[in-house]
Amino acid sequence: MDNGEKHRSLYLTIGLTAAFLILAAQLFRLQILDNSFKVSAQNNALYYQTRYPARGLILDRNGKVLVGNKNTYDILVTPHYVKDFDTAALCALLDLDIETVRDKFKEYRRYRTRIGYRTITFVSQVSQEQYSRFLEKSHKFPEFRGVPRTTRMYPYNAGGNLLGYVTEVDQNFLDKHPDYEMGDYTGRTGLEETCESMLKGGKGYSIYLRDANNRIQSSYRDGAFDKPAMPGRDVVSTIDAELQKYGEELMRNKVGSVIAIEPSTGEILSMISSPGIDVSVLGEINKHYSRIASDPFTPMFNRAVMSPQPPGSVFKLVNALIGLQEGVVSTGTEFPCHNGYTARGISVGCHPHKSPLNFTEAIMASCNSYFCYLFRNILENSEYGSTAKAFDSWAGYVRSFGFGTRLGSDFPSEIAGIVPSSKTYDRIYGQNSWNALSVISLSIGQGELGCTPLHLANLAATIANRGWYRIPHIVRRHENDSIDAKFREKHYTLVDTCHFEDVIEGMYQAVNAPAGQGATARIAAVKDLDICGKTGTAENPHGDEHAVFVCFAPRESPRIAIAVYIENAGFGATWAAPVASLMVEKYLSGEISPSRKWLEQNMKEANLLNKVPASPDYVPPKKDKK
């Protein structure tokens with residue numbers, strides 16, 4: 001053998017030896033030093049028990065807990081390994097119906113191929129007491145085991161629609177959210193849905209050794225490979241818990257909604273939809289869902305953001321501002337009123353008051369006739385050349401206040417409402433076949449307008465701010481994170497700031513003018529609070545008129561703006577104005593003055609449900625059809 005062949009043979013021997021040593025070292029590391037391959041989810045010798053995280057808390061703006069957690073347990077079962085067991089005994093331990101258990105196992109057998117060897121949830125949210133009873137007898141049911149979970153608790157009996165609820169995911173949800181698994185829970189509606197990504201946390205697991213009969217033997221490697229659950233992040237809402245609770249007491253046995261906003265920030269202080277979901281059922285919503293869903297007063301329907309109604313006379317504030325901006329009226333402009341407005345066979349009625357009235361007096365007395373004249377001046381402005389062009393300019397002003405669009409709130413299910421355009425009336429009447437009188441009902445907030453109470457509260461906040469608003473929102477922050485930048489941006493209307501004081505003076509007089517001057521909202525006056533407000537009575541083709549009131553206070557540096565909308569309640573000053581003013585007083589003063597306790601008692605005790613057309617077929621009216 002020559003030297004070349006010897007060298008090649010030596011190199012080959014060295015290479016093979018090195019490869020063998022590397023392979024041996026790798027096998028030694030995997031088998032002796034590193035057992036991570038053993039913790040694969042496919043390893044049948046190991047059992048993974050999910051660790052479910054505690055959801056984050058929901059707090060009010062002052063740190064009070066609106067939604068907390070309490071400990072419960074889920075009972076799990078691996079159907080493939082279940083043998084005969086004492087069904088009656090298990091039912092007694094877990095307060096179950098025998099037929100329910102039998103039905104569950106019929107379903108397990110039906111879907112045994114799909115379920116395979118998986119462990120699934122048998123019973124959810126078992127109480128500590130029930131779980132303790134189960135543990136004492138658990139040796140009789142080796143295929144069943146418990147896993148700790150948390151469920152929601154509600155220290156304040158208020159805010160069911162606002163807070164939302166948590167429920168187990170279904171197949172439809174899983175199809176859209178593949179990052180969830182069967183047995184997981186998710187927030188549905190309200191803040192629970194809005195803040196799901198923050199509140200839910202992250203699941204972990206504990207790993208156990210099990211034998212061939214699926215019996216757990218011990219923790220695998222003393223938990224070295226366990227993964228802890230990550231708790232959800234706490235969310236601080238903008239809600240004032242005490243104001244929310246108080247508002248719901250005032251709205252008991254009434255159909256409608258209340259929205260209160262801090263004007264300078266756009267933060268929602270309270271959001272009330274009545275009748276609403278009682279928080280006592282939120283933790284077990286599935287048990288009560290059928291009853292709630294069949295309630296003729298639709299408690300799951302959040303009227304505050306989902307019910308577009310005619311705004312009624314509170315909309316005169318918008319027309320007043322547009323009239324000033326367009327220069328078709330001034331504060332000194334007077335118009336007559338003889339129990340209403342009549343022109344070319346068109347008649348709009350009005351309540352008795354002095355005549356003629358100037359701009360401030362018209363807002364104070366809510367004169368329909370005055371605003372019919374004003375609205376005609378807007379649409380018959382010769383500078384536009386046609387009613388259609390003037391109308392579209394008017395509609396542009398209206399939309400700049402946030403009407404006819406989703407405001408962009410972080411609360412789910414907000415709807416846009418309705419602001420018509422000239423094309424709307426071209427379709428109804430034909431092109432060039434309509435004029436200001438054809439749509440005169442818009443002058444007093446009727447006709448084809450539709451807005452939610454959120455829009456109306458935003459209007460009150462916009463006027464309080466003298467022409468701008470921040471998007472109303474319900475999340476203040478989560479842990480150390482600040483809110484989305486869009487909620488800090490100011491949105492200006494198309495009306496110059498200088499015109500707002502003239503309208504505010506009319507609102508101030510509507511509440512605070514001396515008796516005998518025709519003010520429509522004197523019942524809302526509270527000493528030293530300088531409430532500025534406007535009543536509204538919205539026509540309703542389905543029954544009695546709706547009562548509406550918007551206000552803010554104090555006049556200078558306002559701290560709260562509020563809208564109250566009570567369906568089928570009649571004149572705005574009778575029901576809506578008292579509710580609003582009591583909430584303003586409660587928020588700003590902390591208590592109701594002795595001289596107004598009678599009003600508070602009347603509002604809490606009043607039952608207006610018999611005025612609403614409640615039936616299984618009842619659907620809240622979408623908008624006025626006139």
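1. Arg-466 sits in the loop that runs between α18 (453-464) and β15 (468-469), and in this predicted model its phi is near 60°, a positive value in a residue other than glycine. At 12% relative accessibility, Arg-466 counts as buried.

2. Thr-298, in the loop between α11 and α12 (303-306), likewise has a positive phi, of about 45°, although it is not a glycine. Thr-298 is buried too, with a relative accessible area of 19%, a value that falls under the 20% cut-off. Most residues other than glycine have a negative phi, and most peptide bonds are trans.

3. A cis peptide bond joins Ser-274 and Pro-275, with omega about -10°, and Pro-275 belongs to the loop between β12 (267-274) and α11 (285-293). Another cis peptide bond links Ser-355 to Pro-356, with omega about -5°; Pro-356 is placed in the loop between β14 (346-349) and α14 (359-365).

4. The structure holds zero disulfides. Cys-337 is in no disulfide, and the nearest cysteine sulfur, that of Cys-367, is 3.7 Å away, whereas a disulfide would need the two sulfur atoms within 2.5 Å. Cys-337 is buried, at a relative accessible area of 5%. For Cys-451, which is buried at 2% relative accessibility, the closest cysteine sulfur is in Cys-551, 16 Å away and too far for a bond.

5. Strand β18 (residues 532-538) is largely enclosed by the rest of the structure, because seven of its seven residues are buried. Cys-532, Lys-534, Gly-536 and Ala-538 point one way from β18, while Gly-533, Thr-535 and Thr-537 point the other way. β18 pairs with strand β19 (residues 546-553) in the antiparallel sense over seven bridges, and the bridge partner of Thr-535 in β19 is Phe-549.

Definitions and conventions:
Residues numbered from 1 in each chain as written. Predicted model: local features only at pLDDT ≥ 70, side-chain atom pairs only at ≥ 80, totals over all residues. Heavy atoms only, no water. Buried < 20%, exposed > 50% of the residue type's maximum accessible area, 1.4 Å probe, protein only. Helix = DSSP H or I, 4+ residues; strand = E, 2+ residues; numbered from the N terminus. Pairing = 2+ DSSP bridges.
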